[in-house]
Structure formats: C-alpha cells, structure tokens
Amino acid sequence: MAKRTFSTLETFLIFILVLMTAVTVALLSLLFITSGTTENHKDSSFPSTQSSPATQSSTASQGSTITSGSTTTQAPPVISTPEPPLFQNFSGYHIGVGRADCTGQVADINLMGYGKTGQNARGILTRLYSRAFIMAEPDGSNRVVFVSIDIGMVSQRLRLEVLNRLQSKYGSLYRRDNIILSGTHTHSGPAGFFQYTMFVIASEGFSNRTFEYMVTGIVKSIETAHKNMKPGKIFINKGIVEGAQINRSPSSYLQNPESERARYSSNTDKEMVVLKMEDLNGAELGLLSWFAIHPVSMNNSNHLVNSDNMGYASYLFEQEKNKGYLPGQGPYVAAFASSNLGDVSPNILGPHCVNTGESCDNANSSCPIGGSSMCIAMGPGEDMLNSTQIIGRIIYQRAKELYASASQEVTGPLAAAHQWVNMTDVTVQLNSTHTAKTCKPALGYSFAAGTIDGFGNFNFTQGTTVGDPFWDSLRDQILGKPSAEIKECHKPKPILLHTGELTKPHPWHPDIVDVQIITIGSLAITAIPGELTTMSGRRLREAVQTEFATNGMQNMTIVISGLCNVYTHYITTFEEYQAQRYEAASTIYGPHTLSAYIQLFRGLVKAIATGEVVEVTFVGANPKNSAENRTHQTFLTVEKYEAASATWQIVHNDASWETRFYWHKGLLGHSNATIQWYIPDTAQPGIYRIRYFGHNQKKDFLKPVVILPFESTSSTFEVV
C-alpha cells in the first residue's frame, strides 16, 4: 500500500480531532453523572444463568412477553387509574387517538440524524408531535398501542421511562409487549435523549430538558388516546406512491440475487399502507400509515427544528380534517410512520458533483474532484424547504386517495408478542447443516463517509473494504485495539470503531434489544429496532407472512415499522453487506443480522399463532446418552423466579402435560433439542426460564467413550 501523506490543513484537522476525542471521552463520565444514570437493560436483578456445553438458539431469549387470545393480565401492587366501563355489544374495536407536543429544545442543542458537528438548533419551523393510537377488543380484554413520534428514533432510555410512567398510572394495562414506539426519523429534531455512549457523542451530550419534554409528550398522547376511546371500525387500503423516492445505494441493491430482484419492479418499496379509523356513526377519528422514505428533505445545513417531509404530510392531513383549528389542535390525528427506509432517499434528482454537475451515482459516491464531499443528492424543489413540501404533498395526496377509497374492514382478535434478545450472541440456523452467529457491535469505515443525503468528514468513502493504517493506529492509541474475534466476525467490514468492546464511561452500543409484533386482526405490525434496507424489509415481510400462513393464519398483511423501541443503526442483506457502503458499515451486529431478526420474528409469529406457547431451541445431544448416565432425572424444567427468596422454583418438568421435548437429529453428530411450554391459564404472572438437561459423549483418541452430563438455561421471559 502506498504511504498516505497529509496536507498541512489535514494534519491540523487530525490534531484537532484527536484533541476533541480525548476531551470528549474524558468528559463523558461527567456528562452522565450530571445528567442522570444509564440503563443497559440486562435483567440484572436476577441471578445469572450457568454456561454449559449446550448453547441456546435465541427463540425465547432475553425475556419474552406474549399476549394473545384469552390471556389475562394482573396489575402489580401499584393501584392505578381505574378503567372506565367499555360498551361491549358491537362489532369492531374500541379506538382512541391522541396527539401531544414533544418538541423539546429549539436552541443550544444538536439536531439528531446527520451527526454533523455544529448542526445545532437555532429556531423552529414546525413543532414535533407524538401521535398515539389505541385499539382494544370489545370486551376490553386485549389492547395494543402504536405511537408515531416526530423524532429521529426511539432510544431505549426513552421507551423504558415511558413504560415506567404508564405503569405507575395504569398498572399492567399498557406494557412493553403491547406498546410500540416508533420514530418518524426526521433528522431535524433535538438530540440528547440516549444512554449509549456512541449516541451521546453524536448528540454532543445528554439533555434532561429535552428527554423530559419528549417523555411527557409521548405519555400525554397515550393518555389522551386512552380518554378518547370509543367503539369504532378500522379499514385498510394499500397503493403505490410514485415520484417520491430513490434508492441511495443502488450498487448495493444490485448485490442481491438477480432472481430475487426480478420479482420486484423497483429498487425501493413504493407501497403505502393506510388505516382509516372511524366511530360507529361514521365520524372520522384518524389515519395511520406506513411508507418507506428517509425524512431528509431538510439537509444538514438546516438549523430549524421540524418534522420534515413525513411531518408535512401529517400537517396537511390534520389541517384538512381539523378545519377551524390551529396546527397541532383538533380531535383528528394523522400519523405517517416510518418503514424499511434504510436505503431510500427523498432527494429524487439523485447524486451529482456539486462542483461539476456530473453524476456521481457510483459504488463509492465520489467525485473526480473533491471526492465524496462533493457528491450530494438534491430534492425536486428550488431549496430544501420547497423540496420538503413537494415530497410531503406527494405522500399526503396518495394517502388521501387511499383513505377515501378504503373499504376493507380489519376484523379479528388483537395480540402482541415481545422479546428481549442479546443481539451480540444469536445463533442463526442458515440451513439444515450450517449455523452462523451475530457479532458484538462495530462500525465500519464507510460509516464515517456518510451518504449522498449527508456526507461525512475527512477522507472516508463509501464502499471501503480495507482499513487505513493511519486511522487504525489513531483508533488503537485512543480506544484500544479491536479483538481478533470481532474483526473476524464482521468481515469483510474493516472496523473503524469496535463499539461492542468499548464500555467506558458506559457501553457504546446496545447488546440487549427488543423485538416485537402486534396484530390487529389480519394486520401484523413488526417493530424493527433500526433501519431495514428495501430488500431486507421485503425478506423479513415475506418470512413473517409465510410463518403466519404455516401456522394457520392466512392472508396476513405485514407492515414493517422502523426505528422502534431502541436504535441499532442499519440492517442490510448478507449480499449488500459485502459491498460495505454506508448502510452495511452501519449494520452493527455483523453480516448475519438480518437472518437473526428473521429467525426471531418467526418465533414471535409462532407464539402469537399458537397461543401461549414458549419455545426454546438448544444445541443438544442424543437423548439415548441419558439412558446410560442417569445424572439428571428430567430433560427439562420450567422455573419461576421468587423475588422474596431470590431463588428459582421448579414448576414443571418433562413429566408435566404442559411441556414437550423434541429431539432433532442433524448431520455429523450434531443435533438440536426444542422445548415447548404450553402456558396454562393457572400459571402465575412472573419471571420464568427454561432449563435443558442432557448427556454428551466425550471421545478421546484411543480412549473409551465417556458420557458426561451438561445443562443449559434459556434467558428469562415474563408471563403476564
């Protein structure tokens, strides 16, 4: 490799970068101490589980909560706001809609999205809102909540605080399994509401003022929807939106198999899904829709807080329905929620070199003169404000048409499934003979390059698959070297920041992530904790729909809801990951991230479709070995955590009617063991786990075979 030389200006800038990084890291502890404690949600109040030769395939991992059918919920000891009586003799759902301001600071705070130093708020263009929709069955037994919020994304800290406040008021009525919080992904909202170090750095600190404003607004929107609940009906419609989006990484999209690409007419998802809500008298209540587009019509030179193109669509729809009211007022609520927008841009004129005018739609998004910093995509308007209006109006107009013609009623029960997952350690079953694993979080070189919607700094370019000795050395001196394990796991990504191995002053990225599905009759809403690319979304949507059909639920409509519950950057396909453009470099759990999510969401689907069943799959051993060595008297136990004694109590074993033990023989001596627990109505609410007991053969050369006992334990899950 040729020796890298730097100009005097670059050397000076690098010196400033090193100095700023050192100061930032040194001050982060103070930032956290003065702004509040952090939470890395790992169920630390429970005893840690033992490791063993068997490892768990994350099917019911890190705390599953499943609610469906006739499941009842018990409130915790907190006495909460009494539930008003609900009229039950009707066909449809109880529907409540609510909107509340969650703008926060509009000055002296960084804007969240572009990660551009100096892009701080200096005023306001539009206010930001939280829009809540509550649906409950006629008898009130089950309910689900979807909240779309005009912010960049939902942080784990934000979600946990919202859930805590709802629990204090409503008990177990609104919980982590039946509430989805989704960010619209505007890049023009305040930052400063995260607990993980990487996002704190990008936010230039934590703002308790903005955090409190956001939490209060989200909770208030749900409270308003709760108070406004009335019998009503929901109608669904779908349609294509033209002229609003382009794929900003088309060369990555082309990495996907040609046979797969041939099934679709476009390299972006153009379909919009619209829900129309009205009461039993036909009075309109609200609109909830999903469409895949990045709200980045307002570029990184903007300093005014606003909700961008999707927010402008909401503004137009609500102004039309709430005639005589000022913006943000009136009973009608219209939300335009995010979807699989990872590689989708509203800047439809495409990328051009701003200094020459020529196209820079290439694998590196780079210009012959000036490099990647000159390659910028432009919107259709004369400026970013005009572009925001044009794109927002296209979205609004199509939604208006679909809303007016919506006639297919959504009917059927409500259900929800939620799961805490350690995304750094998911074993993915690629096929009948091969498995793979996810990785500890890491960001690649192309992450620092940015995108055609907002470029990065220094000499980074998209599509980088080889590291640079200078930047590697600088990173190693400041943050330490990434391990060989994390480098191998993320290949071909050249690691710029090994965030999964950085824990000071606090963890840099989340390990524990929640995945979630809620169903409203034949509609399933998947809560994605990040940004799926177009093809990633298509694969997940198809896998979820197939899993529903396999389990007897045909013709389900699957919605991808993005930026939900906790932020984990991007999720590309395995093929797109190989190209290492910005989205792939930002897929923090490695090349098999999408496969892991598909596997996890299939598990949630199965839980919903089959009722109250918890299923865990372990890497196992032949059960016949246990007939020779009788160390264990059961292949499984279901155990409940007793807080009073801080112990685990066995409530079922393999002799119980409610449990199933399945052994699956593989190749070359490999096998899996699947344990199912059909949760009875008599099960007490609480924290549970499942343990697997077996015997494996130890074979040493020229020595007799020895049969040894082992055991493995699932992560905890909650029965409500």
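Q: Which residues does Ser-345 touch, not counting residues up to four places away in sequence?
A: This is a predicted model, numbered from 1 along each chain as its sequence is written, where local features need pLDDT of at least 70, side-chain atom pairs count only at pLDDT 80 or more, and totals for chains, interfaces and linings use all residues. With contact meaning heavy atoms within 4.5 Å, Ser-345 touches Ala-244, Gln-245, Ile-246, Arg-248 and Asp-453.

Q: Is Ser-345 buried or exposed?
A: UniProt lists Ser-345 under "active site" in an unreviewed entry; such annotations may be inferred rather than shown by experiment, feature names are shortened, and positions follow the numbering used here. Buried means under 20% relative accessible area, exposed over 50%, and partly exposed in between (1.4 Å probe, protein chains only). Ser-345 has a relative accessible area of 0%, so Ser-345 is buried.

Q: What is the largest C-alpha distance among the "binding site" residues?
A: UniProt (unreviewed entry) places this feature at His-185, His-294, Glu-531 and Tyr-570. They are spread over 386 residues of sequence yet cluster in space, with a largest C-alpha distance of 12.8 Å.

Q: With which side chain does the side chain of Glu-531 make a polar contact?
A: Glu-531 is buried, with a relative accessible area of 1%. A polar contact is a pair of N or O atoms within 3.5 Å; within protein, one must be able to donate a hydrogen and the other to accept it, and residues adjacent in sequence count only if both atoms are side-chain atoms. At 3.2 Å, the partner of Glu-531 is the side chain of His-294.

Technical notes:
Heavy atoms only, no water.
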